[in-house]
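Have the model open as you read.

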Amino acid sequence: MTEEGAVPPERAQAPVISVEEIEDAVLDGDSPISTGTARSALRHRTFRIVYLGAFASNIGTWMQNVVLGAYAYDLTHSSTFVGVMIFAQLGPILLLAMLGGLIADRVDRKKFLIILSIEQLAFSLGVAWVARSPHPSLVLLTLMVVGVGIGGAMFGPAYSAMLPGMVGREDLPGAVSLNSAQMNLARVIGPPIGAVAFHFVGPAWVFAGNAVTYLFVVLALMVVTLPVMAPRAAAASKWRELLAGVTVARGDRVVGRCLVTVFVFSLLALAFLGQMPVVAAHNLGINPKSANYGFLYGSFGVGAFCGAISIGTVFSRASKPFIVRVCLLAYAASLAVFALLRVALPAYFMVAVVGAFYFAFITSLNTVLQTRLADAVRGRVMALWIMGFGGTVALGNLLIGPVVSAVGITDVLLFGAGVALLLAWYTDVRAPEGDQLVVGGVELAQ
């Protein structure tokens with residue numbers, strides 16, 4: 001059995017056993033591990049450390065996310081202002097993700113991520129400072145949240161681009177699945193903690209607690225060694241360099257459809273996430289300041305975690321394009337049922353079902369995309385993914401806030417279910433038969 005980090009026989013003068021090999025042996029035992037699975041990705045020590053640091057940080061992020069929406073609604077009782085808060089946090093992705101992806105493809109990604117984590121820490125403390133006032137400035141609160149969003153906008157593409165360097169291309173599907181799973185397990189753990197803390201100690205302490213959690217990802221990055229990209233000659237056109245991800249998407253049908261799907265889905269079919277306080281208050285009779293609201297959000301996270309982790313375990317060998325289409329159909333049906341519920345108890349179960357199908361779909365689509373890309377442009381293509389996955393959610397909530405006020409949250413959710421149904425027909429991301437192409441090579445980036 002070949003262990004990660006072993007010295008090639010032709011260069012070995014004596015047996016050498018690294019700490020990393022010992023750790024892997026303890027984890028793996030003598031049982032064979034299939035490549036591409038979640039368990040296989042966890043064999044890589046660097047990935048394990050960064051993964052755990054990101055997990056701890058994301059728990060704080062979801063503490064802040066759930067409280068920020070509820071806090072905005074509690075201050076104003078306005079679905080429009082809730083949309084503004086979501087846009088302030090995620091909107092910078094639309095403007096800065098491509099820049100972050102370009103930087104990630106040209107600099108030391110480890111140092112870049114550490115700087116961005118410290119920036120988000122500082123602005124999260126700023127959010128806490130504003131929230132400590134009994135009559136906070138809504139403008140200043142929004143600006144501080146924008147500051148957090150700017151760091152997150154550039155962090156996402158750089159972190160996604162770093163995954164293949166930590167696990168190798170053969171274990172990338174398992175790493176993508178685990179990464180989605182930890183984000184959603186954080187979504188399970190963070191919201192109940194945030195909701196309870198909001199109730200007992202107030203929002204400022206929740207936002208300050210989130211700031212502290214950024215230290216976990218900073219420390220994790222500082223103790224590992226990550227591969228540094230080889231320097232490349234400067235591009236003749238900076239604009240062409242920035243838009244390399246768009247060039248790849250236009251030139252490859254699979255990449256293009258993956259990105260169109262995530263953009264349309266996030267813009268039109270995910271309104272319930274940003275407007276969860278409105279769903280809870282208007283449809284289910286749940287107070288957004290209560291612990292029950294945190295558990296509602298946490299139930300969604302439980303389902304999302306199960307859906308994400310299933311792609312690297314139970315369905316690791318299943319066709320990802322097939323899973324994408326089936327889960328879009330199931331998402332449409334379960335979201336429609338959730339939209340029509342008026343009793344809290346079944347809603348906890350149904351929102352978990354919605355979450356499961358949502359993240360099984362999104363993890364499979366991400367896996368299809370990532371395994372299709374060359375490393376030279378991975379950061380810039382993944383910047384487009386991050387823009388679709390997060391930025392258009394913010395834009396959708398900004399646009400849908402007034403619509404919710406005019407027609408009600410139920411009709412908006414049913415419309416989202418219809419969009420998912422149409423995407424199930426459109427999203428054929430199967431590679432052409434016999435095509436093993438990896439798109440976006442170095443010649444495109446230079």
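Before looking at the lining, a word on classes: Ala, Val, Leu, Ile, Met, Phe, Trp, Tyr, Cys and Pro count as nonpolar, Asp, Glu, Lys and Arg as charged, and the others, Gly among them, as polar. Keep in mind that this is a predicted model.

The largest cavity has a volume of about 1,200 Å³. Its lining takes in 50 residues, and the ones that lie nearest the centre of the largest cavity are Asn-58, Thr-61, Leu-90, Met-183 and Phe-389. Sorted by class, the lining of the largest cavity comes out as 28 nonpolar, 21 polar and 1 charged residues.

## α3 against α7

Now for the helices. α3 covers residues 45–76 and α7 covers residues 138–167; they pack at an angle of about 155°, with axes 12 Å apart. Since angles over 145 degrees count as roughly antiparallel, that makes α3 roughly antiparallel to α7. Their crossing is left-handed.

On the α3 side, the contact includes Phe-47, Val-50, Tyr-51, Ala-54 and Gln-64, while α7 brings residues including Leu-138, Val-145, Tyr-159 and Met-166. The contact of α3 with α7 divides into 16 nonpolar, 3 polar and no charged residues.

## α16 against α19

Next up is α16 (residues 320–340) with α19 (residues 409–426): the angle here is about 165° and the axes are 8 Å apart. That makes α16 roughly antiparallel to α19. This crossing, of α16 and α19, is left-handed.

Who does the touching? From α16 you'll find Arg-325, Leu-328, Tyr-331, Leu-335 and Phe-338 among the contact residues, and from α19 the set includes Thr-410, Leu-413, Gly-416, Leu-421 and Trp-425. By class, the contact of α16 with α19 has 17 nonpolar, 2 polar and 1 charged residues.

## α14 against α19

How do α14 and α19 meet? The axes of α14 (residues 276–283) and α19 come within 10 Å and cross at roughly 125°. α14 and α19 are therefore oblique to each other.

Val-278, Val-279 and Asn-283 of α14 make this contact, together with Ile-409, Thr-410 and Leu-413 of α19. The classes for the contact of α14 with α19 are 4 nonpolar, 2 polar and no charged residues.

Key. Residues numbered from 1 in each chain as written. Predicted model: local features only at pLDDT ≥ 70, side-chain atom pairs only at ≥ 80, totals over all residues. Heavy atoms only, no water. Axes fitted to C-alpha atoms, helices over the stretch in contact; angles between N-to-C directions. Helix = DSSP H or I, 4+ residues; strand = E, 2+ residues; numbered from the N terminus. Parallel < 35°, antiparallel > 145°, perpendicular 65-115°, else oblique. Left-handed = near helix turned anticlockwise from the far one by under 90°. Contact = heavy atoms within 4.5 Å. 1 Å grid on protein atoms, 1.4 Å probe; cavity = no way out; pocket = protein on both sides within 12 Å on 5 of 7 lines; lining within 4 Å. Points joined across faces, edges and corners; volume = space filled by probe spheres on them.
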